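Please work through the exercises below with the sequence and the model at hand. Each task is followed by a solution in steps.

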Amino acid sequence: MSISRSRILIADDHTLVADLCKKLLEAEFDVVGTVGDGRALLQSAVDLKPDVIVVDVAMPILNGLDAGQQVKQMVPAVKLVYLTMNPDPEVAAEAFRRGASGYLLKTCAATKW
């Protein structure tokens, strides 16, 4: 019996960050793609049908908040986890108002359990 792994899409305009996220997550999850702007996120979310999207707030063409809100309208079951440099509590609150399941700062220290 095989256990189904969650499907993850990564949306970040910094290739290094997106690649690092992919490397960190692919041992436990199926990373189905990476995109570098909000418009590509919209198309990929519909095409790839991820369970979770790790998304940056600040992206070109269409920012992560607007793109995430539109994705939630098209794919309501998807979970949005924002990974961002923006520490503003108002931006975090807005992300949750628009459907975020999580908001994590890129400056958070990683710990091994």
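The model is predicted: local features need pLDDT of at least 70, side-chain atom pairs count only at pLDDT 80 or more, and totals for chains, interfaces and linings use all residues. Residues are numbered from 1 along each chain as its sequence is written, and side-chain values use heavy atoms, with hydrogens and water left out.

**Exercise 1. Determine how strands β1 and β2 run and how many bridges join them.**

Step 1. Helices (H or I, at least four residues) and strands (E, at least two) are DSSP runs, numbered from the N terminus. Two strands pair if DSSP finds at least two bridges between them.

Step 2. Strand β1 covers residues 7-11 and strand β2 residues 30-35; the two are parallel and joined by 5 bridges. Within this pairing, I10 has T34 of β2 as its bridge partner.

Step 3. Together with helix α1 (residues 15-25), these strands form a right-handed β-α-β unit. Right-handed means that, with the strands pointing away from the viewer, the path from the first strand over the helix to the second runs clockwise.

**Exercise 2. Describe the pairing of strand β4 with strand β5.**

Step 1. Strand β4 (residues 79-84) runs parallel to strand β5 (residues 100-105), with 5 bridges between them. T84 stands opposite L105 in β5.

Step 2. Between β4 and β5 the chain passes through helix α4 (residues 89-97), and this β-α-β crossover is right-handed.

**Exercise 3. Identify the buried residues of α2 and the elements against which they pack.**

Step 1. The buried residues in α2 are G38, L41, L42, S44 and A45.

Step 2. These buried residues pack against β1, β2, β3 and α3, with contact taken as heavy atoms within 4.5 Å.

Step 3. Just after α2, K49 takes a positive phi of about 50 degrees.

**Exercise 4. Find how K106 is joined to D12 and to D56.**

Step 1. A search of the whole structure finds 6 salt bridges.

Step 2. In one of them, K106 pairs with D12, the closest N and O atoms being 2.8 Å apart. K106 lies in the segment after β5 and D12 in the loop between β1 and α1, so the pair ties together parts that are 94 residues apart in sequence.

Step 3. K106 also forms a salt bridge with D56, with the closest N and O atoms 3.3 Å apart. D56 lies in the loop between β3 and α3, so this pair ties together parts that are 50 residues apart in sequence.

Step 4. D12 is buried at 6% relative accessible area, D56 is buried at 4%, and K106 is partly exposed at 23%.

Terms used:
Buried means under 20% relative accessible area, exposed over 50%, partly exposed in between (1.4 Å probe, protein chains only). A salt bridge is a side-chain nitrogen of Lys or Arg within 4 Å of a carboxyl oxygen of Asp or Glu.
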